[in-house]
Each structure stands twice: as C-alpha cells, then as structure tokens.
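Open the model in your viewer and keep the sequence panel beside it. The stops below say what to select and what is found there.

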Amino acid sequence: MSEPVLEVEDLRVDLRTPRGTAHVVNGLSYTVGRGETVAVVGESGSGKSVSVLALLGLLPSRTATVTGRAALQGEDLLTMSKNRLREVRGPGVGMVFQDPMTSLNPVLTIGRQLAEAVRAHGESSKAAARERAVDLLREVGLPDPDRAVDRYPHQLSGGMRQRVIIAIALANSPALLIADEATTALDVTVQAQIIELVDRLQEDHGTGVVWITHDLGVVAGIADRVLVMYGGRCVEDGTVDDVLERPAHPYTRGLLGALPDLAEETGDGEVPDLATVPGVPPPPTDLPEGCVFWPRCPVRSDPRCETEQPPLDLVGGPLLTKGDGLPHRAATWCREGDDRWT
Amino acid sequence: MDLTKRAEPERDVLVSARGLEVHFPIRGSGFRRRPIGAVRAVDGVDLDVYRGETLGLVGESGCGKSTLGNALLRLVPPTGGRVTFDGIDVTALDRRRLRELRRRAGMVFQDPFASLDPRRTVAQTVSEPLEVHGLAGDRRERAARVGELLELVGLDPAVAGRYPHEFSGGQRQRVGIARALAGEPDFLVCDEAIASLDVSVQAQVLNLLRRLQRQLGLTLLFVSHDLSAVRHISDRIAVMYLGRIVEVGPAAAVAGDPQMPYTRALLSAVPVPHPELERSRQRVVLGGDVPSPAAVPSGCRFRTRCPDVFEPCPDVDPALQPVGSAPGHLAACHLHGVVGTPVAAEADGAADRPPRAATGSAAR
C-alpha cells in the first residue's frame with residue numbers, strides 16, 4: 001500500500017464537564033489510504049464525531065485535552081501551529097457536517113461561500129473564484145450552476161444544500177474528506193444520489209474518505225474498511241465484508257441483529273422479533289472497568305470481562321485473513337463458539 | 001370508484017379516508033394577505049385502515065404523511081373529503097364528541113425530547129389523559145393505573161416520580177407510548193416514533209409496539225420514512241408521494257413485488273447491511289428533487305422523475321387500480337392500464353377555487 005493519507009495513533013480525547021472528566025475517545029488507531037473509504041460506525045455518544053473534530057482542532061481548547069498522533073500525509077495535525085493548521089484544512093482535509101440546514105450561512109449567496117473557500121487557499125481574483133465556484137457546482141451535479149451560484153441557501157432543497165457543502169469541502173481538492181453523518185438528514189433517494197456523487201469524486205481524485213455514520217446499510221455500500229466504536233474505543237475493525245458478514249464482537253452482532261432487514265424479510269410468514277441490545281451505553285464520565293461493553297453484553301462469560309480491558313486482537317490470526325490481507329480485529333473476551341480465534 | 005372495498009370486502013374497516021384533502025393557503029404579501037395559492041399537503045387520499053392491523057405509511061419528507069396522520073385524528077382540519085372512525089364522521093364532530101375520539105385514538109410523536117413536558121413528572125404526564133377523560137376515579141386509582149401503564153411499556157413503576165430529563169431517549173419514548181395508551185385507545189398513530197432513536201433502542205421500541213399491538217388488539221398507523229422498519233412492523237404498506245397514496249397492499253407484496261416505479265426507486269435506494277448484495281444491486285437513482293406541493297405536476301404527479309414516463313402520464317391523473325398477484329395490492333400507475341381522471345376534467349373541478357390558485361406557478 002502506498003503512503004496513507006491519514007494515520008491516527010492512540011488518539012485520546014478528554015472533555016472537562018460539570019460532572020467530571022468525560023473520556024470520550026480512548027485510544028483510537030486507524031489509517032486511511034489513498035482512494036480508500038473507512039467507515040466509523042457507532043451509536044450516539046460513542047465518540048465518533050468527537051474523534052474527527054479533535055483531528056481538525058475544532059474542539060474548544062479550554063475544555064478538551066487531545067493526545068496521541070494524527071498524521072495527515074506525514075504531518076502531525078495535533079502538534080501543528082494554528083496557522084499551519086489553517087493552511088492544511090482546505091487543501092488537506094475537507095469536512096462535510098450532518099445538517100445541511102445549519103452549516104451554510106443563510107445571509108450569503110452560495111457563490112460567495114464557495115468563493116471564500118477557494119480564495120482562502122489560493123490567490124485567485126474574485127472573477128476567477130466565481131468561475132471556479134460555478135465549475136464546482138457543476139461537478140457536484142447541481143442543476144443550472146450559472147444561476148444557482150447567486151442563490152441563497154433557503155432557496156435550495158436539503159439535497160442541493162448538501163451538494164453545495166460537498167462542493168465547498170472539495171474546493172481545494174483535499175487529500176482527505178471527512179463526512180460526519182453527511183446523509184443522515186436526507187431522504188433515501190437523495191442519500192443514494194449523494195453517495196454516488198462522493199463515489200465518483202473519490203474515483204476521479206483519489207481522495208481518502210472517513211465516513212462517520214450509524215447506518216450499517218450505508219456502510220455496506222460505500223466502505224472498504226469499517227471501524228466499530230463503543231464507549232470511545234474501537235471494539236472491532238476489518239474489511240466491510242468481515243465486519244458485517246462475520247462479526248466477532250458481541251456488540252457488532254447485537255447492532256446487526258437489531259436492524260430490520262429489508263433484504264431478508266421478503267417472505268409472507270410471521271416476522272420474528274428483532275434482537276435487541278438491552279440497556280443503554282455507559283456515560284463517558286463513568287466508563288466500566290474491563291470491557292466497555294460488559295454491562296450490556298448478552299454472552300459475557302469470562303471472569304476477565306469485568307476487570308481487564310480486552311486487547312484489539314486479530315480474529316483468526318493474520319494467516320487466516322483472506323482477500324487483500326487487511327486484518328480483522330476485535331476487542332472482546334467472549335470468543336466461545338467462534339472457532340476463528342487462535 | 002371504491003376499489004379498496006371491492007378487493008377485500010370482508011375486512012372490518014376502523015378508520016377510513018375518502019378524497020381527503022388538507023390544503024394550506026399561501027398568502028400574498030399585500031395588506032389583505034389574499035390567498036395566492038395552496039400547499040396541497042394531502043391531496044385526495046383514499047385509504048382504509050383495518051381493525052387490528054398495522055398499516056405502514058412511507059414516503060419522503062414533505063410528501064404529506066405526517067399531515068395525513070394528523071388529519072385522520074382531526075389534529076389538522078381537513079379542507080375536503082371525509083374521514084370516518086368506526087363509522088363516525090370525524091370531520092363533523094362537535095367538541096364533546098371530538099374529546100371521545102381523542103380518547104379512542106392516540107398519538108405517539110417523533111421527538112421524545114420535545115413531546116414531554118420537562119416540568120412534569122412521568123406520573124403527571126401519563127395520568128393527564130386519565131383526568132381529562134375522567135377515567136380513573138380518585139388519586140389512588142390513577143396512581144395504580146399509571147403504574148400499570150408504565151409496566152405495560154416496560155418501565156419500572158418506581159420511576160413515576162421522575163422527570164423526563166432523567167431518562168434516555170428510548171425510555172422517554174416509552175413514556176410517550178404509555179401516555180398514548182392511557183385512554184385505552186383502539187387506534188394509535190405513531191408518527192416517526194423511532195426516527196430519533198439509536199439502532200439498538202429502535203429495535204426495543206419496535207418490539208414493544210408489536211407486542212402491545214397483539215396484546216391489546218390495537219390498530220396501528222406507523223408513519224415513517226424508514227422502509228426497513230415499516231416492512232418489519234407492518235401488515236400492509238401504503239406509499240405516499242406528493243399528497244397522494246400511489247401504492248398500497250400487503251407488506252410482502254409492496255416490498256417484495258413493487259408495481260409503481262416510485263416504490264421501486266424508493267426500495268432500491270434503501271441501503272441493506274450486506275456488502276456483497278450492495279455491490280451487485282441495480283439501483284434506480286431518481287434524478288432531481290420532489291416537486292413542491294404548491295406546484296403539483298398535471299396528470300401523474302410522479303411523471304417529472306419517473307424513468308418509465310409515457311404519453312398518458314401528463315394528461316390523465318391515475319387512480320388506484322388492482323396490480324400484481326396479491327389481493328388488495330393497488331397502485332396508481334398507467335403502466336398497468338390507463339385508469340383515472342383526464343386532466344381537462346380536473347381543471348374544470350378546480351374552477352371554483354380562487355382563480356390564481358389554479359396555476360401552480362403562482363405560488364412562487
């Protein structure tokens with residue numbers, strides 16, 4: 001594999017809150033290669049959004065303590081000066097946030113907002129920036145870009161706004177695109193359009209993508225690799241086929257079992273109840289000792305569950321991983337009934 | 001033409017809508033704020049909900065599914081058509097009889113953070129319907145009934161004295177369901193009741209609704225944009241587009257053998273958690289956006305985005321007709337034969353509206 005676009009090592013984020021220190025991200029490591037899509041999945045509160053905000057220095061420095069290493073094309077984002085970080089954000093990383101209604105400025109035309117991104121990282125004139133804005137809008141498939149550039153956000157639909165935000169994120173052809181629940185607020189038909197768009201842009205530009213979502217269906221369609229987060233830790237990672245079709249962690253299994261599945265339910269018979277994961281995730285101010293998942297785990301059996309944190313171990317060992325040789329790992333003591341563990 | 005009844009005459013209808021319309025006026029900016037157009041949120045809906053079934057209502061945002069759910073309970077006043085509840089004309093009820101309807105028909109709302117009063121305890125919230133409808137005599141009886149209701153939805157009765165902020169999203173939604181069940185309703189409308197919950201919690205609430213439906217013999221209208229969840233919980237599914245029901249039928253038939261191009265596109269856009277399947281799937285990606293409900297296209301309202309559009313589509317407004325092999329499977333689509341109202345005839349009917357409302361372009 002060529003040099004990775006992003007290398008995150010042992011990322012930790014603590015937030016000071018009135019209820020004590022919240023350990024939101026606890027030792028997260030992953031890499032994103034050129035043209036690769038890594039999906040980060042987890043439920044609300046699992047730390048997935050905070051982990052990328054921390055990379056971009058977008059957390060309030062008064063309350064957040066970020067440690068670890070996060071190298072963007074070899075350069076550590078976490079120790080870089082503010083000025084350098086500002087330089088890097090446009091051409092290095094583009095970010096797409098969840099809500100297309102609130103991430104655009106309502107009193108500026110979308111052309112101005114695009115031009116701002118273009119001019120912040122280049123010396124182009126106003127006229128050239130406008131031309132580039134029109135080109136970008138055309139690239140993301142906005143109809144009638146020459147006129148759309150003078151419109152205000154409220155004149156566009158949700159799907160069109162999200163296209164504008166993607167255009168802004170891509171204005172400086174970043175090496176890495178981070179999408180945080182980018183399609184969650186959209187209808188499925190529009191979601192399909194946006195996913196196709198990102199897919200095409202990624203093919204054209206070789207952009208590395210970190211796609212944060214709670215929707216395992218979306219993950220199946222777009223990801224090369226998947227990282228499952230729970231309680232601020234990575235509990236399982238691997239290729240999309242390994243994690244979704246052969247999950248090794250009880251939490252991943254629980255998530256998949258809890259999903260009503262359109263593909264499986266085509267018969268006429270009585271539909272069985274969904275499997276559920278009882279209880280709720282632990283508060284980050286008070287994480288359990290041992291395995292983060294044990295208080296909700298339906299199969300906990302090992303005495304170490306409650307006392308010792310399980311390491312992220314290879315499922316089946318390196319020789320058994322098939323395909324492109326990407327490892328499948330999971331952090332659990334509950335390995336009974338799964339003969340892949342060595 | 002009453003096709004719904006003809007297809008399955010033996011079934012017992014609890015809630016029924018005929019030609020139901022909810023139009024919201026768009027007013028001009030002038031001093032008199034005259035109506036210059038209308039948002040046709042619900043625009044001629046014929047729908048039957050059978051006693052004891054779960055009917056799933058799906059569609060994209062803005063298609064009018066929430067407004068339809070509200071209109072069935074008269075939470076928004078219909079501007080045309082008729083709704084009957086157990087044979088009673090809901091649109092003509094006076095205030096006293098409307099209150100009785102409110103007892104017999106409950107509602108579970110989308111956002112459990114906004115639909116509970118933060119300054120009232122769970123007990124106060126759940127017992128309010130009991131007081132309003134005079135159902136449980138004195139305070140002690142009410143407290144006992146609240147305990148029963150909380151137990152029914154899987155909450156510990158000991159939490160009755162707590163406030164909403166002390167609960168997680170899933171627990172709050174259970175409180176909302178307990179409140180909706182307090183009047184022992186026959187009919188429950190769940191409007192995006194699981195949309196704001198996490199996956200593992202969604203499953204808990206879906207299972208709870210199914211259990212309650214069986215246990216109490218409830219009739220459920222499950223309004224959602226989540227097709228997988230709707231497929232899971234529903235006996236029948238109705239698909240809505242721009243204020244109209246465009247396909248309806250048994251859940252297995254609508255989800256497994258969709259007959260209307262819109263339903264097909266909608267289903268193919270739902271991502272499923274199987275990488276192999278996702279890679280090999282043929283996706284019908286619809287171009288463009290949903291037209292504004294203030295400027296509904298003539299004839300078939302889906303024609304501007306339909307991949308199979310042909311001659312009659314702009315000229316004839318399609319009616320629901322029997323399709324596929326399953327009984328009771330209906331779709332409004334000319335591909336199954338051109339059935340419906342010619343557009344010219346429709347324009348005549350529109351003549352009695354304010355003159356400028358007839359053309360959709362006036363709405364801009």
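Begin with a residue pair in chain B: select B:Ser16, which stands opposite B:Asp48 in strand 2 of chain B. Keep in mind throughout that this is a predicted model.

Now widen the selection to the two strands. Strand 1 (residues 13-27) of chain B and strand 2 of chain B run antiparallel and are joined by 12 bridges. Another place to look along strand 2 of chain B is B:Arg40, the bridge partner of B:His23.

Select residues 35-50 of chain B to see strand 2 by itself. Of its 16 residues, 12 are buried, so strand 2 is largely enclosed by the rest of the structure.

Next, show the sheet. In chain B, four strands in the order 2-1-4-5 make an open sheet with antiparallel pairing. Strand 2 and strand 5 (88-89) of chain B are at the edges with a single partner strand each, so one side of each has no neighbour in the sheet.

Move on to helix 4 of chain B, residues 122-132. Which of its residues are buried? They are B:Val122, B:Thr125, B:Val126, B:Ser127, B:Pro129 and B:Leu130. Then step just past helix 4 of chain B to B:Gly134, where phi is positive, at about 55°.

Zoom out to the whole of chain B. Its secondary structure comes to 12 helices and 14 strands. The radius of gyration of chain B is 22 Å, close to the 21 Å given by the globule rule for 364 residues, so chain B is as compact as a globular protein of that length. The C-alpha trace of chain B spans about 65 × 60 × 45 Å along its principal axes. Buried residues account for 47% of the 364 residues in chain B. Of the contacts in chain B between residues at least 6 apart in sequence, 65% join residues at least 24 apart.

Turn to chain A and colour it by domain. The domain assignment gives domain 1 (6-223) and domain 2 (249-261 + 276-330) of chain A. The centres of these two domains of chain A, taken over C-alpha atoms, are separated by 28 Å. Where they touch, domain 1 of chain A contributes 11 residues and domain 2 of chain A contributes seven residues. On the domain 1 side of chain A, strand 2 (residues 20-32) of chain A supplies the largest share, five residues. By class, that side of domain 1 of chain A has three nonpolar, six polar and two charged residues.

For the last stop, show both chains. How many residues of chain A are in contact with chain B? There are 42 residues of chain A in contact with 35 residues of chain B. On the chain A side, the elements that give two or more residues are helix 7 (188-205), helix 8 (216-222), helix 9 (240-245) and helix 10 (250-257) of chain A. Select helix 7 of chain A, which gives the most to this side, with six residues. Finally, colour the side of chain A that touches chain B by residue class: 19 residues are nonpolar, 13 polar and 10 charged.

Notes. Residues numbered from 1 in each chain as written. Chains lettered and ligands numbered in written order. Predicted model: local features only at pLDDT ≥ 70, side-chain atom pairs only at ≥ 80, totals over all residues. Contact = placed C-beta atoms within 7 Å. Nonpolar A, V, L, I, M, F, W, Y, C, P; charged D, E, K, R; others polar. Rg over C-alpha atoms; globule rule 2.2 N^0.38 Å. Buried ≥ 20, exposed ≤ 12 C-beta atoms within 10 Å, placed from the backbone. Domains from an automatic or database assignment. Pairing = 2+ DSSP bridges.
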